[in-house]
Amino acid sequence: MVIPPPIRPERVSKFLKPYVLRMHFTNKYVNAQVVHTPTATVAASASTQEKSLRLAMTAAKENTRDVSAASKIGKLLGERLRIKGIPAVSIFYKRDQRYHGKVKAVIDSIKDEGIKLL
């Protein structure tokens, strides 16, 4: 007699937080994007590599990789999320990222724009 394996319900917890904030910092630029995980598409993104922002920052003799640039990116991303109608995001930390410095600047400026963090 063969016993069939138990039927397990589909995992729901994978998509309880569908929008995930991902941050990437290079030696020259700051990048942040919000990914819709069920469809694996980018919902909104902001970067200091964008031509208009980069030219404005170099004209004002500002750095494109420091904490103030990270806070500008967070503010810009928060505005874009509000326009798209995304009320809340969860945060994905990489192994070496802590809630400190540039990461803190991006997250705090997104919070200041009225986006909730899960």
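Which residue of β5 does A88 stand opposite? The close-ups below take up this question and several others. This is a predicted model, in which local features need pLDDT of at least 70, side-chain atom pairs count only at pLDDT 80 or more, and totals for chains, interfaces and linings use all residues. Residues are numbered from 1 along each chain as its sequence is written, and side-chain values use heavy atoms, with hydrogens and water left out.

**View 1. Strand β4 and its partner β5.** A88 stands opposite K116 in β5. From β4 the chain crosses through helix α3 (residues 102–112) to β5, a right-handed β-α-β crossover; right-handed here means that, with the strands pointing away from the viewer, the path from the first strand over the helix to the second runs clockwise. β4 and β5 (residues 116–117) pair in the parallel sense over two bridges. Two strands pair if DSSP finds at least two bridges between them; strands (E, at least two residues) and helices (H or I, at least four) are DSSP runs, numbered from the N terminus.

**View 2. The sheet as a whole.** Five strands make an open sheet with mixed pairing, in the order β3-β2-β1-β4-β5. β3 (41–47) and β5 are at the edges with a single partner strand each, so one side of each has no neighbour in the sheet. β1 (residues 19–25) pairs with β4 (residues 88–92) in the parallel sense over three bridges, and R22 has F92 as its bridge partner in β4.

**View 3. The β2–β3 hairpin.** Here the pairing is antiparallel, with six bridges between β2 and β3. H36 finds its bridge partner, T41, in β3. Four residues lie between the two strands of this hairpin, and A40 in the turn has a positive phi of about 55°.

**View 4. Helix α2 beside helix α3.** The two helices pack at an angle of about 30°, with axes 7 Å apart; axes are lines fitted to C-alpha atoms, for helices over the stretch in contact, and angles run from 0 to 180 degrees between N-to-C directions. α2 is therefore roughly parallel to α3, a term for angles under 35 degrees. Residues in the contact (heavy atoms within 4.5 Å) include G74 and L77 of α2 and V106 and I110 of α3.

Key. Parallel < 35°, antiparallel > 145°, perpendicular 65-115°, else oblique.
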